[in-house]
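Try each task before you read its solution.

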Amino acid sequence: MNYEIVNLEQKTIVGVSAITGNTDPKMGAVIGGLWEKLYQGGVNAAIKNKLNEYAIGLYSDYSDDQYCVTAGNEVSKAENDELTVKIIPAGRYAKFSVHGHMEKAVAEAWGQIWKMDLNRSFTGDFEEYLNSDWENADIDIYIALK
(Lines give C-alpha, C1' and ligand atoms only; values in the text may rest on other atoms or scores of the structure.)
Protein backbone atom coordinates (compact mmCIF):
# COMPACT_ATOMS: atom_id res chain seq x y z
CA MET A 1 0.00 0.00 0.00
CA ASN A 2 1.52 3.30 -1.10
CA TYR A 3 1.91 6.34 1.11
CA GLU A 4 3.81 9.61 1.30
CA ILE A 5 5.58 11.21 4.25
CA VAL A 6 4.13 14.61 5.18
CA ASN A 7 4.81 17.14 7.93
CA LEU A 8 1.68 18.50 9.60
CA GLU A 9 1.03 21.44 11.86
CA GLN A 10 -0.86 20.87 15.12
CA LYS A 11 -4.63 20.46 14.70
CA THR A 12 -7.41 20.98 17.25
CA ILE A 13 -10.35 18.57 16.94
CA VAL A 14 -13.76 18.97 18.59
CA GLY A 15 -16.29 16.13 18.64
CA VAL A 16 -17.48 13.08 20.55
CA SER A 17 -15.22 10.35 21.99
CA ALA A 18 -15.23 6.83 23.37
CA ILE A 19 -12.66 4.25 24.47
CA THR A 20 -12.37 1.00 22.52
CA GLY A 21 -9.71 -1.31 21.07
CA ASN A 22 -9.04 -3.76 18.27
CA THR A 23 -9.85 -6.70 20.56
CA ASP A 24 -13.13 -5.14 21.78
CA PRO A 25 -16.01 -7.17 20.28
CA LYS A 26 -18.12 -3.98 20.32
CA MET A 27 -15.47 -1.85 18.56
CA GLY A 28 -17.53 -1.45 15.36
CA ALA A 29 -20.65 -0.47 17.29
CA VAL A 30 -18.70 1.98 19.48
CA ILE A 31 -17.12 3.73 16.50
CA GLY A 32 -20.34 3.63 14.48
CA GLY A 33 -22.19 5.14 17.44
CA LEU A 34 -19.80 8.09 17.53
CA TRP A 35 -20.42 8.85 13.84
CA GLU A 36 -24.16 8.53 14.42
CA LYS A 37 -23.97 11.05 17.30
CA LEU A 38 -21.87 13.37 15.14
CA TYR A 39 -24.36 13.46 12.27
CA GLN A 40 -27.79 12.21 13.37
CA GLY A 41 -27.30 13.54 16.90
CA GLY A 42 -26.73 17.10 15.70
CA VAL A 43 -23.20 17.42 17.11
CA ASN A 44 -21.67 18.27 13.73
CA ALA A 45 -24.00 21.25 13.27
CA ALA A 46 -23.20 22.50 16.79
CA ILE A 47 -19.38 22.53 16.42
CA LYS A 48 -18.16 26.13 16.38
CA ASN A 49 -15.21 27.56 14.42
CA LYS A 50 -14.83 24.70 11.91
CA LEU A 51 -11.94 25.19 9.51
CA ASN A 52 -13.71 23.07 6.86
CA GLU A 53 -16.43 20.45 6.51
CA TYR A 54 -14.03 17.49 6.51
CA ALA A 55 -14.98 14.98 9.18
CA ILE A 56 -12.08 13.66 11.26
CA GLY A 57 -11.83 10.24 12.90
CA LEU A 58 -8.99 10.47 15.45
CA TYR A 59 -7.34 7.59 17.31
CA SER A 60 -5.35 8.78 20.34
CA ASP A 61 -4.37 7.99 23.92
CA TYR A 62 -3.13 4.51 23.02
CA SER A 63 -2.56 2.20 26.01
CA ASP A 64 -2.13 -1.57 25.99
CA ASP A 65 -4.97 -2.75 23.74
CA GLN A 66 -7.19 0.33 23.98
CA TYR A 67 -7.38 3.80 22.48
CA CYS A 68 -9.65 6.82 22.40
CA VAL A 69 -11.67 7.37 19.22
CA THR A 70 -12.96 10.88 18.46
CA ALA A 71 -15.34 11.73 15.61
CA GLY A 72 -15.44 15.45 14.91
CA ASN A 73 -14.04 18.38 12.97
CA GLU A 74 -10.91 20.51 12.93
CA VAL A 75 -11.51 23.93 14.49
CA SER A 76 -9.60 27.21 14.70
CA LYS A 77 -10.58 27.57 18.37
CA ALA A 78 -12.34 25.13 20.73
CA GLU A 79 -15.51 26.74 22.10
CA ASN A 80 -17.83 23.77 22.69
CA ASP A 81 -17.51 23.04 26.41
CA GLU A 82 -19.91 20.08 26.18
CA LEU A 83 -17.77 18.27 23.59
CA THR A 84 -14.39 16.54 23.61
CA VAL A 85 -11.35 18.57 22.56
CA LYS A 86 -8.30 16.68 21.26
CA ILE A 87 -4.98 17.88 19.86
CA ILE A 88 -3.30 16.18 16.93
CA PRO A 89 0.39 16.94 17.47
CA ALA A 90 2.54 18.54 14.80
CA GLY A 91 4.99 16.12 13.25
CA ARG A 92 5.73 13.54 10.58
CA TYR A 93 2.92 11.37 9.27
CA ALA A 94 2.53 8.61 6.71
CA LYS A 95 -0.37 9.71 4.49
CA PHE A 96 -2.48 7.05 2.79
CA SER A 97 -5.13 8.14 0.27
CA VAL A 98 -8.02 5.72 -0.21
CA HIS A 99 -11.10 5.81 -2.40
CA GLY A 100 -14.24 3.68 -2.43
CA HIS A 101 -17.11 2.62 -0.19
CA MET A 102 -16.58 4.70 2.94
CA GLU A 103 -16.71 1.95 5.54
CA LYS A 104 -15.13 -0.84 3.48
CA ALA A 105 -12.27 1.26 2.07
CA VAL A 106 -11.27 2.50 5.53
CA ALA A 107 -11.52 -0.96 7.12
CA GLU A 108 -9.41 -2.53 4.35
CA ALA A 109 -6.81 0.25 4.58
CA TRP A 110 -6.49 -0.12 8.36
CA GLY A 111 -6.15 -3.89 7.97
CA GLN A 112 -3.13 -3.29 5.73
CA ILE A 113 -1.71 -0.45 7.85
CA TRP A 114 -1.69 -2.57 11.02
CA LYS A 115 0.43 -5.19 9.17
CA MET A 116 2.98 -2.64 7.90
CA ASP A 117 6.35 -2.04 9.51
CA LEU A 118 5.90 1.69 10.13
CA ASN A 119 7.92 3.47 12.81
CA ARG A 120 4.74 4.61 14.58
CA SER A 121 4.69 7.04 17.48
CA PHE A 122 1.03 6.35 18.48
CA THR A 123 0.56 10.03 19.36
CA GLY A 124 -2.51 10.43 17.16
CA ASP A 125 -3.58 8.72 13.95
CA PHE A 126 -6.54 10.05 12.00
CA GLU A 127 -8.81 9.76 9.01
CA GLU A 128 -9.89 12.85 7.12
CA TYR A 129 -13.07 12.41 5.08
CA LEU A 130 -12.75 14.72 2.08
CA ASN A 131 -16.32 14.19 0.87
CA SER A 132 -19.53 12.62 2.16
CA ASP A 133 -20.23 10.27 -0.77
CA TRP A 134 -20.80 6.92 0.97
CA GLU A 135 -20.12 4.82 -2.17
CA ASN A 136 -17.28 6.92 -3.64
CA ALA A 137 -15.53 8.38 -0.61
CA ASP A 138 -12.14 10.08 -0.72
CA ILE A 139 -10.33 9.57 2.57
CA ASP A 140 -6.81 10.42 3.72
CA ILE A 141 -5.45 8.36 6.61
CA TYR A 142 -2.54 9.82 8.58
CA ILE A 143 -0.31 7.64 10.77
CA ALA A 144 1.94 9.46 13.26
CA LEU A 145 5.60 8.55 12.89
CA LYS A 146 8.58 8.82 15.23
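**Exercise 1.** Which residue is the bridge partner of Ala-18 in strand 4?

Solution. This is a predicted model. Start with the two strands: strand 2 covers residues 11–20, and strand 4 covers residues 66–75. They pair in the antiparallel sense, over 9 bridges. Now look across from Ala-18: its bridge partner in strand 4 is Val-69.

**Exercise 2.** Find the order of the strands in the open sheet, then name the edge strands.

Solution. The sheet has 8 strands, and the order is 1-6-8-7-3-4-2-5. The pairing is antiparallel. Strand 1 (4–8) and strand 5 (84–88) are the edge strands, since each pairs on one side only. From one strand to the next, the twist averages 35°.

**Exercise 3.** Which strands does helix 1 touch, and which does helix 3 lie across?

Solution. Take helix 1, residues 27–39, which packs on the sheet. Helix 1 touches strand 2, strand 3 (50–63), strand 4 and strand 7 (125–129). Its direction makes about 140° with that of strand 2. Next take helix 3, residues 102–115. Helix 3 lies across strand 3, strand 6 (91–100), strand 7 and strand 8 (137–144). It runs at about 25° to strand 8.

**Exercise 4.** Is Thr-23 buried or exposed?

Solution. First locate Thr-23: it sits in the loop between strand 2 and helix 1. Its relative accessible area is 59%. Exposed means over 50%. Therefore Thr-23 is exposed. Its side chain also joins that of Asp-65 through a polar contact of 3.2 Å.

Definitions and conventions. Residues numbered from 1 in each chain as written. Predicted model: local features only at pLDDT ≥ 70, side-chain atom pairs only at ≥ 80, totals over all residues. Heavy atoms only, no water. Pairing = 2+ DSSP bridges. Helix = DSSP H or I, 4+ residues; strand = E, 2+ residues; numbered from the N terminus. Axes fitted to C-alpha atoms, helices over the stretch in contact; angles between N-to-C directions. Contact = heavy atoms within 4.5 Å. Buried < 20%, exposed > 50% of the residue type's maximum accessible area, 1.4 Å probe, protein only. Polar contact = N/O pair within 3.5 Å; in protein donor to acceptor, adjacent residues only side chain to side chain.
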